[in-house]
Amino acid sequence: MITKDGIAVSVNMKTQITGGEEEQVITLSADGRIFKKDVGLYLQFKEETEEVGSVNQVVKLDDNQTITIIRQGAVSMKQLFQQGIKSEGVYRSPFGIMLMNTETKYININIDEQKVEGTIRISYQLHMQDEFAGNYDITIQFRRND
């Protein structure tokens with residue numbers, strides 16, 4: 001069962017980007033932690049990339065089907081996803097600061113708190129600096145570490 005103290009989990013994340021100049025699939029496997037707060041669930045893990053280095057990610061799941069992804073480290077950003085809603089954010093990297101506009105098309109959250117496993121799917125369109133950057137489909141799966 002997911003608790004306030006948190007439980008160790010294995011995380012697999014797949015990001016598929018289409019519609020831009022090139023199509024891309026990015027996969028990530030990491031150890032993480034999921035815990036419960038009064039306002040929802042938090043999935044926390046670390047992303048290691050060759051391009052920019054280490055980035056801590058927090059996926060916050062509110063009770064009202066709103067997802068917030070917060071990345072901090074070599075790059076930082078806060079991105080809000082709510083189905084049918086456009087949101088704005090800022091992406092900071094060693095290469096500079098860019099404005100982001102996100103239009104969330106689809107959200108699906110399927111979590112079994114007793115088994116400590118789940119799947120989160122987000123589909124959205126991203127614009128960076130008012131330029132179309134692609135259609136993004138993110139699937140995050142987690143499972144209790146035994």
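How many nonpolar, polar and charged residues does the lining of the largest pocket have? By class, there are 19 nonpolar, seven polar and five charged residues, with Ala, Val, Leu, Ile, Met, Phe, Trp, Tyr, Cys and Pro counted as nonpolar, Asp, Glu, Lys and Arg as charged, and the others, Gly among them, as polar.

This is a predicted model, in which local features need pLDDT of at least 70, side-chain atom pairs count only at pLDDT 80 or more, and totals for chains, interfaces and linings use all residues. Residues are numbered from 1 along each chain as its sequence is written, and side-chain values use heavy atoms, without hydrogens and water.

A pocket is an open set of points on a 1 Å grid over the protein atoms alone where a 1.4 Å probe fits, with protein on both sides within 12 Å along at least five of seven lines; lining residues have an atom within 4 Å of a point. Grid points are joined across faces, edges and corners, and a volume is the space filled by probe spheres set on the points.

| Pocket | Volume | Lining by class |
|---|---|---|
| Largest | About 1000 Å³ | 19 nonpolar, seven polar, five charged |

Of the 31 residues lining the largest pocket, Ile17, Ile26, Arg71, Tyr91 and Tyr136 lie nearest its centre. Strand 2 (residues 24–37) gives the most to this lining, with four residues; strands are DSSP runs (E, at least two residues), numbered from the N terminus. The lining of the second largest pocket includes Lys36, Asp62 and Glu113.

Strand 3 and strand 4 pair in the antiparallel sense over 10 bridges, where pairing requires at least two DSSP bridges.
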